[in-house]
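Hello,

Here is the structure I promised to pass on. My notes follow below it.

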Amino acid sequence: MKRNLQKEIARKRRKLERDGRFLPEGSNDEVIEFEVVELLSKVKLDGTNGNTQYGDKEPAVAATNSEVEQALGGFKPLSDGIANDLKPPAELGQEVELEIVQLSSTGDGLAYNGAMNHIIIVPFSVPGDRVLAKVWKWEGRHSLADFIKVIHPSHKRDGVTPQCKYFAKCSGCQLQMLPYTEQLEHKREIVRRAFQNFSGLKPEQIPEVEPTMGSPMEYGYRTKLTPHFDGPKRVRGQQRAGLQEPPVIGYNMKGKRQVMDIESCPIGTDILQQGLRIERAKVEKHFSQYKNGATILLRESTQREYGQPRENAKAPNSKETTEAKADPVSFSTFSPTQTQTDIAKPNTSIPSNPHANLLNTQLTHPTAGHPTITTTYPTHTDHKTYTSDNSALATEYVTVTIDPNTTPPQTRTYKFTNIAGSFFQNNNSILGPFTSYIYSKCLPPPTTTSTNTPENPANIKYLLDAYSGSGLFTLTLSPLFTSSLGIDVDARSISSARQNALANALPDTSCGFIDADASALFADVPYPPDQTLCVIDPPRKGCDRAFLRQLRRFGPRRVVYVSCNVHSQARDVGVLVNGFTGRDAAEEDEEGYMYKYVVESVRGFDFFPQTGHVEGVCVLNRVEMGEEGESG
Ligand SMILES: C[S@@+](CC[C@H](N)C(=O)[O-])C[C@H]1O[C@@H](n2cnc3c(N)ncnc32)[C@H](O)[C@@H]1O
């Protein structure tokens with residue numbers, strides 16, 4: 001145990017040196033550290049003694065906080081007092097019975113050991129479960145354990161059967177044991193906690209987080225899968241004789257760097273299930289020719305034909321315009337996603353499934369080894385294929401609600417063609433409702449700022465789309481703006497964005513694109529900040545400081561911040577609202593006036609049902625000069 005303590009100290013010191021701080025920002029490690037401290041504080045305040053056990057074995061050694069602090073040379077616990085109880089939990093490898101008290105933002109169950117004042121993290125468990133788990137790593141205030149089995153299930157599991165046979169072993173989709181509405185409520189809590197712990201904002205600066213928008217499809221939604229495999233083990237003589245073991249192709253096991261064999265992945269779309277089977281067989285056949293391991297890309301592509309397939313195929317309430325038959329650009333007054341009546345469930349909203357009104361679906365193999373799934377809807381027919389070629393083109397359609405108040409609601413469908421290996425959102429079923437939500441948030445409600453009156457609601461005429469990818473927001477939001485400008489560092493995505501604008505009949509005077517780092521966006525902005533909306537959708541790590549500084553100096557009137565990591569998003573939103581702290585603040589002071597923002601709304605979107613991920617959308621308004629007191 002003493003050796004483990006030394007290892008732990010060495011590991012944390014390395015982290016300190018590498019990051020210049022305790023833990024990498026916005027990482028799972030940092031998120032869990034916060035929640036462990038939070039839970040320890042809570043049980044301390046509650047006076048709860050905890051009801052978990054380590055069996056009847058006492059842990060071997062108790063390490064004191066001062067020992068750790070001394071060895072780390074000034075390591076400061078995240079919350080005063082909490083780390084004073086640093087003790088190792090159990091012998092590594094020991095099996096323990098635990099009561100789960102909380103679900104973490106990383107999707108793991110947390111058990112509290114009162115006697116040791118210690119948290120044990122157990123994947124695949126939910127509050128109320130009594131589980132058997134095996135402790136495998138000590139992390140100071142908490143330990144990591146492998147899930148072994150449920151001894152007594154929580155009522156939260158009632159009526160739910162995980163659909164994946166690899167559940168509780170594979171590292172993905174760890175929330176399958178929860179009813180979908182519970183998953184959505186949990187994701188709302190993740191967003192709440194992220195803004196509470198990572199933004200540095202006061203509670204009064206954070207509005208109530210809106211209910212998570214659910215995915216219309218809970219399984220079968222992922223349009224991209226990336227299983228991987230290790231290269232063949234080279235045992236002399238065996239390779240020539242074709243004796244090597246068949247490859248293990250799939251995803252990593254939970255908590256391990258070991259790949260596990262996955263024959264089917266139920267969150268993938270139907271065509272990707274076919275693709276997985278075919279591509280696995282190809283790798284197996286040619287495995288001996290591989291020197292190294294590789295990742296297989298499986299990306300869905302859709303070819304759409306407009307027109308009514310059968311006389312009696314007309315859906316109730318459907319109305320067609322002549323444009324509805326035109327491809328690539330279609331204007332339609334009917335689409336599956338237009339009937340987005342939110343289901344009345346507590347604290348959640350789930351748009352209707354786009355497949356709800358399909359008339360017929362069929363799997364064919366027009367050419368050997370190339371399956372097609374043809375699905376017929378009242379207004380169109382989709383032919384779905386897949387590609388495993390990173391540089392091939394893949395197409396998706398996104399239907400945006402332009403006006404929900406007409407009967408039927410007015411929608412517009414966009415066609416996006418991208419390079420399969422470049423970024424595009426992975427859940428097509430939620431893309432329509434998601435972009436429609438953002439569309440509805442682009443212009444401020446009349447009362448938000450003094451300059452935005454009901455008489456002048458469309459004061460915002462220009463769109464800056466930072467981290468634009470292949471133009472998802474630049475194009476789908478463009479009907480609201482005189483001109484839109486997207487920027488992305490990936491030249492291939494920008495090339496697709498320009499093609500997509502043309503394919504959707506949007507001239508470059510209306511939708512322009514720049515292939516550059518996002519911070520270049522503000523160098524020569526052609527738009528007046530007072531009339532500009534900036535949409536930001538950075539990668540997981542969030543925006544860099546240079547970008548945030550330039551955005552605050554330019555001061556677009558309104559900002560819609562979209563993110564796949566609500567923790568880095570909360571941190572960046574904190575900077576937009578309150579400015580930088582420390583050295584960055586001093587640098588900013590030298591640069592002159594910087595705008596500040598107030599948060600109007602925050603909402604989560606479930607792009608990845610069954611997993612612990614949540615996408616966040618935060619809307620902010622610029623604080624006008626002279627109104628600064630309002631930002632708190
Ligand atoms: C989460 S994706 C969003 C793309 C797009 N908004 C969409 O929804 O399809 C993030 C994008 O940021 C781009 N990116 C990453 N770092 C960047 C940087 N420093 N400057 C500009 N773009 C960057 C990536 O190429 C990627 O397209």
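Which of the 16 residues around the ligand come nearest? They are Gln-425, Tyr-467, Asp-488, Ala-518 and Asp-537. A residue is near if one of its heavy atoms lies within 4 Å of the molecule.

Before the details, a word on the basis. This is a predicted model, where local features need pLDDT of at least 70, side-chain atom pairs count only at pLDDT 80 or more, and totals for chains, interfaces and linings use all residues. Residues are numbered from 1 along each chain as its sequence is written, and side-chain values use heavy atoms, with hydrogens and water left out.

**Ligand site**

A side-chain N or O atom of Asp-488 sits 2.7 Å from a ligand oxygen. For Asp-517, a side-chain N or O atom is 3.0 Å from a ligand nitrogen. Val-489 uses its backbone: an N or O atom there is 3.1 Å from a nitrogen of the ligand. On its own the ligand has 600 Å² of accessible area, and the protein covers 88% of that (Shrake-Rupley method, 1.4 Å probe).

**Backbone points**

Tyr-467 has a positive phi of about 65°, yet is not a glycine. Tyr-467 is in the loop between β20 (462–466) and α7 (472–476). Helices (H or I, at least four residues) and strands (E, at least two) are DSSP runs, numbered from the N terminus. The peptide bond from Thr-407 to Pro-408 is cis, with omega near -10°. Pro-408 lies in the loop between β18 (393–403) and β19 (410–419). Most residues other than glycine have a negative phi, and most peptide bonds are trans.

Best wishes

Note on methods. Polar contact = N/O pair within 3.5 Å; in protein donor to acceptor, adjacent residues only side chain to side chain.
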